[in-house]
Amino acid sequence: MISPIILPLIAGLLCFLLNRRTFAIALAAAVANLLAVCFLTYQLLLFGPMRCHMGGWQPPLGITLRSDGPAVLMLLMTAVTGLAITVYARGYFSHRILNLRQATQHQEQQRYFWPLWMLLLAGLNGLFLSNDIFNLYVTLEIIAIAAASLAALSGKPASQLASFRYLLVSLLGSLTYLLGVVFLYRSCGILDLDILQHHVANGPGIRAALALMSIGLLLKTALVPLHFWLPPTHANALAPVSVILSGLVVKGSFYLLFRLWFEIFTQLITPSALNFMGTLGAVAILWGAVQAMRQHRLKLMVAYSTVSQLGYLFIAFPLSRIDESIQVWSIVIFMALGHACAKSALFMVAGAVFLHLGHDRIKDLNGVRASLPIPVFAYGIAGVSLMGLPPSAGFIGKWLLLTSSLTSSQWWWALVIITGSLLAMIYVFRVMSRFFVIPEDYSVTTSAPLSPLLEWPALIMALISLFLGLAASWPMKILATGNTALTQVFPGGLP
Amino acid sequence: MKTEKKSIRRIRNRGKRLDAWQLLLLFLLLCLTTVLGTIIWTMPENTSGLTDAVARLQEQSGVESPVTAVLLNFRGYDTLLEVMVLLLAVIGAWSLAKAPFSGQAADTGPVQMGVVRLLVPLMFLVAAYLVWQGSHLAGGAFQGGAILGAAGVLLLVTELLFLPAIPALPLRIGLVFGPLLFVVIALFCLCLTGHLLGYPEQAAGGLILLIETACAISIGLTLASLFAGGHPEDDHPQSVNPTEHSDKEEWP
Amino acid sequence: MITTLLYSMTGLLLFAMGLFTLFIHSHPLRKILAVNVMSTGVFLIMVATAYKPMPLGNIDPVPHAMVLTGIVVSVSVTALALLLACRVQETSNLDLLERKKQARIPEESRR
């Protein structure tokens, strides 16, 4: 269970220390990470949820790692997306070094990208596996610092400003979360999540702790109206970094928020609190979609689309405990997995388009499909998942949301979801139509051909998001296994 | 006309009075503070935290100071991640800019040079003592590392000539040495006792001291590098000659 | 009891003051300092949690360990934020110069 954390950690250290063969180290770590997570899934299906005590010290004193259904699924998402990002980043940087001016600047960027990315991956895996609220704070900080440094890597003035704002907002979120942890420790005296589940009672201190931790995590997950930092940061970063930020980083803090609300503090949440989160989510969907339609640059449009899609995750709050037959986590997992794959594909396509054309203005993207067939195909398929058409994972998530809202007579959420899907269709097709219209004076631009490393990861991620809906029984099975009452303790800290 | 009046009022008000939004913010924050304050005031004092658990297992930890025991033994995994945070900050700092050394000899007077010559070795000594003392009194890797960092800052402020010429590889080795040793010992303990960071009971004190020393050196170098503010000159790999130049180079 | 309350209230006040300054002032250095003050406030509350009056026994070491970790994280983030603020300053200056140059060229060509 510790190897998803330790392997990228060592890889990051080695990438920083040695200056050569960084891609080989990073690729090896990403592949090993994926294999370790697959093995962990297999063990979960065999043995059920597991705990691993670090250093052999039992809770409440020691720190435990926990693997159960949702954690393993998020780890899988991170591992697969991480492998795609690693391959894509290699293609991206090689293309820039070989074909564009200022090669030394691009080489410097590449040199620092690998250690930062590997350490971020270690932090993400640590977040998904951890079972101790203070350890979660440290992993949140690792992710924040690595993400801010990666966001500033591109060197553009806009990206420096956006990264500075992101770092400050992230730090504010972490501090608020830490204040919540302090209140919780004052009330209960325990830092371990499992024991906290039984000790949490309805008191003012605990409510304050939940409120503070939620606000901190909402800042990090960019829910409207706290989303102001997200579009500039994601749009002005390098393409692989945008994929990392949109696909993985925002999911980490959301996962923590959902887990806190629905597993630890379950007694405290009132229907009005759930409806409040749902309302903010609805506003996010509509606002993000409207802003996405108004953008002139492809990357800004995709960034606002992230704001919109995160709203779906929050609409799941009032709709997750309605039906006893579906799992609490199922809506969130499908939406998160689908969004991670689709958004990665979109940002990878945006990066490929930028490298090919030198700009990403939407109105000048005419006829790109002639020279970049694979990225355009990937864009279309990813758009299918964003819009929520069958058989994609986005469809499964929206289907679960719609059925929940209709069976519980909360039909207004269904209206918002359908409107959101229609708006998503508008902004996806706005760009798609540009891709396919070839103007009369079109000539194929003579620039260097894109390496397959840039095109194929986008297509593969898009196809995964499409076919995840067909294979929907697998995540459901993992979720069902992972939430039983039996837990096994593995002192050896399974690899 | 209206915007002019508003901007004039804002210029006149700068630093003196708060406008409407800021007053609203002040009011909201006061409400928040009173709410949280009353919660703290009325919170019961009955929880003893984890004091008893620590006191019970103290002898098994290999050190006498409870804080060091918690930091490096019971919750050592947190410390491992925290050392990575420091390293991340350095990598981020290096990725942003080159370390701005002025390049010319600074005009240091005899008093400054004398102070530096006296203080820096003393600081090294105090840092070593703090690291060793961490096992039974307040001290440890971070405290010693902070003193070492301060020594580095003193050297940087004096703008000694040998500093820009420090090659990158020893610096990187020094920075990574602490975290890497920590991870190696953690894995070593995994092989020995079957738990990550589960020190064998006889060797716990010695292993903790080893980790603390390595981390103190790395932390000192980290803090000094953060103060230097950028990467050293020879940090990136050899530049490859680009084969073609493209005319359309915008900001990437 | 009174000691704990005193430290906790001071920490809370510091947190609130830092939060206010973070929103009000626009200078990057002020914002970074405000965040530092906020984190000091949070650590103060944490240390107050660990306090036990002398006759009762030892202090609670876990909040102390948390504060140590928090201070280290705070230092790293402050350093990174300061360097980013410097970069923002540099690049915005360069950007301004670049734009001024580009604005001057069409003027000259028009003449």
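The following paragraphs describe the confidence, the chain architecture and the interfaces of a predicted model. Residues are numbered from 1 along each chain as its sequence is written, and chains are lettered from A in the order in which they are written. Local features need pLDDT of at least 70 and side-chain atom pairs count only at pLDDT 80 or more, whereas totals for chains, interfaces and linings use all residues.

Confidence was examined for chain B. The mean pLDDT (the predictor's confidence in each residue, from 0 to 100) of chain B is 82, and 83% of its residues score at least 70. Among the elements of chain B, helix H5 has the highest mean value, 93, while helix H1 (residues 2-13) has the lowest, 56. Over residues 239-252 of chain B the pLDDT is below 50, although this stretch has 25 contacts in the model beyond near neighbours in sequence. Where pLDDT is low, the predicted coordinates should not be read in detail.

Chain C contains three helices and zero strands, helices (H or I, at least four residues) and strands (E, at least two) being DSSP runs numbered from the N terminus. Of the 111 residues in chain C, 46% are buried, that is, 20 or more other C-beta atoms, placed from the backbone, lie within 10 Å of the residue's own. Contacts join residues whose C-beta atoms, placed from the backbone, lie within 7 Å. In chain C, 56% of the contacts with a separation of 6 or more link residues 24 or more positions apart.

Within chain B, helix H6 (residues 110-133) has 24 residues and spans 34 Å from its first C-alpha to its last, close to the 34 Å expected at 1.5 Å a residue; the expected span is 1.5 Å times one less than the number of residues. The buried residues of H6(B) are B:Ala127, B:Leu130 and B:Val131. Their cover includes helix H7 (141-157) and helix H9 (204-228) of chain B.

Between chains B and A, the contact takes 54 residues from chain B and 63 residues from chain A. On the side of chain B, H5(B) gives the most, with 14 residues. This side divides into 30 nonpolar, 16 polar and eight charged residues, where Ala, Val, Leu, Ile, Met, Phe, Trp, Tyr, Cys and Pro count as nonpolar, Asp, Glu, Lys and Arg as charged, and the others, Gly among them, as polar.

Between chains C and B, 27 residues of chain C are in contact with 33 residues of chain B. Helix H1 (2-24) and helix H3 (61-110) of chain C each give two or more residues to the chain C side, and H3(C) provides the largest share, 14 residues. By class, this side has 20 nonpolar, five polar and two charged residues.

Terms used:
Contact = placed C-beta atoms within 7 Å. Buried ≥ 20, exposed ≤ 12 C-beta atoms within 10 Å, placed from the backbone.
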